[in-house]
Each structure stands twice: as structure tokens, then as C-alpha cells.
Amino acid sequence: MEYWDVCDARGTRLGYTKRSDEAFRPGEYHVGASVWIVNSGGKLLIQRRAACKRTGADLWSITGGKVRAGESSREACVREVKEELGFALEEQQIRFLYRSTGSDMLFDDYIAVGDFPLEEARLEASEVSEVRWADLDEILALWRNREFMYNNIADLDAVRDYLQRHFSIMHTGA
């Protein structure tokens, strides 16, 4: 059983936790975190969620999960990348992109640069069935075809802006 810190809408911890199976009252939030991993060529690491997943089964996504009690969202990203893909990501590699808000959840999205050789990935079979590098246009095409799990396509603007600033990559799709 996992425990999550309960936060207010600004992400301030309220000093108590809830089990992952407990309901959240209005004004109570827990934090989720995900990380876009970009290689030195500007391609993004995406993963196909396992067919057994309750949410988003068999869809492409990025690495992420719920932030455990006492853990920062950066620490959660490091843990999730290690657990799901077998790659070691350091906290200092991770740059904050944005926070979005759901009904009872705050989502922290990050980006990190890492040239991880896919043949060395150790996929957690209950989480991930496949990984690959993709450019932003490929990800947008997957999203349009309902094959990429992402709630708000407008959030991809931050990823596109990062790639343009740091890799001089121009986004061609709409």
C-alpha cells in the first residue's frame, strides 16, 4: 500500500498522508510527476504502457507516477525511471517544465537530457512493454490517433519550447 502526502492547491503539504485507496476531499490534492527524457539529438523517450495497466493500457506515454509520502516530485521521477526502465537518472539532470492541476491531483512535469541506449533498458513488465525514441511530431501524430496518453496537448508547448531553445529543433506539425 502506498501513502501520499496530502497538499493544498498550491502544493503545500498539509501535514498528513492518505493511503492510495482513500478518497480525497475537496481542496485536498496529491502529487504526480513525469519526466520527458530527451537525447542529445532532440528525440524524446516514450514508452508503451503494459497491456495490464488499469489506466492507459497499451498507450504510449512518458515515464512517471505518483509521488510517495515524504518524496519530492524530482525524487519520484528518478525512482520511476529506475523502476520502469532501469536507467539511472540524477536529480540534477531534471529541469522543471510546468505544473498542471486535476480534480484531486497536481501534476509536475520535468524534462531531462539523457542518451540512454535502448538495448540496455530493463523494462518492468507490469508497467512498460516497449520503449523508443520519437520526435515531437511523431508524438503529436500518436496523440491525434489516440495512441498517446496525455491529457492536455497544449502542455506539449513547454516541451516544444525547450527543444527549440536547447536543440534548435523546429516543430513542423500543428
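User: Buried means under 20% relative accessible area, exposed means over 50%, and partly exposed is in between. With that cut-off, is aspartate 109 buried or exposed?

Analyst: Buried. This is a predicted model, and in it aspartate 109 has a relative accessible area of 5%. That is under 20%, so aspartate 109 gets the label.

User: Where is aspartate 109?

Analyst: Aspartate 109 sits in strand E8.

User: And what is aspartate 109 in contact with, leaving aside neighbours within four places in sequence?

Analyst: Ser34, Trp36, Ile62, Phe96, Leu97, Tyr98 and Tyr150. For a distance, take serine 73: 36 residues from aspartate 109 in sequence, and 8.8 Å away from C-alpha to C-alpha.

User: Before I go on, what is the mean pLDDT?

Analyst: The protein averages 91. A pLDDT of 70 or more is reached by 94% of its residues.

User: Pockets next. How much space lies in the largest pocket?

Analyst: About 1,200 Å³.

User: Which residues are closest to its centre?

Analyst: Arg49, Gly65, Lys66, Met105 and Met149. They belong to a lining of 37 residues.

User: Which strands and helices each supply at least two lining residues?

Analyst: Strands E3 (30-38), E4 (44-49), E6 (63-66), E7 (94-101) and E8 (105-113) do. Helix H1 (73-85) does too.

User: Switching to salt bridges. What does the count come to?

Analyst: The model has 17 salt bridges.

User: What about arginine 48?

Analyst: Arginine 48 forms a salt bridge with glutamate 130. The closest N and O atoms are 3.3 Å apart.

User: Which residues join into one network through shared partners?

Analyst: Glu2, Arg68, Glu71, Arg79, Glu80 and Glu83.

User: Back to single residues. Where is valine 81, and is it buried or exposed?

Analyst: Valine 81 is in helix H1. Valine 81 is buried, with 0% relative accessibility.

User: What does valine 81 touch, not counting residues up to four places away in sequence?

Analyst: Val35, Ile37, Thr63, Gly86, Phe87 and Leu89. Valine 35 is 46 residues away from valine 81 in sequence, with the C-alpha atoms 8.4 Å apart.

User: And serine 61, buried or exposed?

Analyst: Buried, with a relative accessible area of 6%. Serine 61 lies in strand E5 (residues 60-61). Leaving aside neighbours within four places in sequence, serine 61 is in contact with Ile46, Gln47, Arg49, Phe148 and Met149. Arg49 and Met149 also came up among the residues closest to the centre of the largest pocket.

User: Last one. Where is alanine 51 found?

Analyst: In the loop between E4 and E5. Alanine 51 is exposed, with a relative accessible area of 58%. Not counting residues up to four places away in sequence, alanine 51 touches Ala57 and Asp58.

User: How far is alanine 51 from lysine 18?

Analyst: The gap is 28 Å in space, C-alpha to C-alpha, and 33 residues in sequence.

Note on methods. Residues are numbered from 1 along each chain as its sequence is written. This is a predicted model: local features need pLDDT of at least 70, side-chain atom pairs count only at pLDDT 80 or more; totals for chains, interfaces and linings use all residues. Side-chain values use heavy atoms; hydrogens and water are left out. pLDDT is the predictor's confidence in each residue, from 0 to 100. On a 1 Å grid over the protein atoms alone, a cavity is a set of points where a 1.4 Å probe fits but cannot get out, and a pocket is an open set with protein on both sides within 12 Å along at least five of seven lines; lining residues have an atom within 4 Å of a point. Grid points are joined across faces, edges and corners, and a volume is the space filled by probe spheres set on the points. Helices (H or I, at least four residues) and strands (E, at least two) are DSSP runs, numbered from the N terminus. A salt bridge is a side-chain nitrogen of Lys or Arg within 4 Å of a carboxyl oxygen of Asp or Glu. Buried means under 20% relative accessible area, exposed over 50%, partly exposed in between (1.4 Å probe, protein chains only). Contact means heavy atoms within 4.5 Å.
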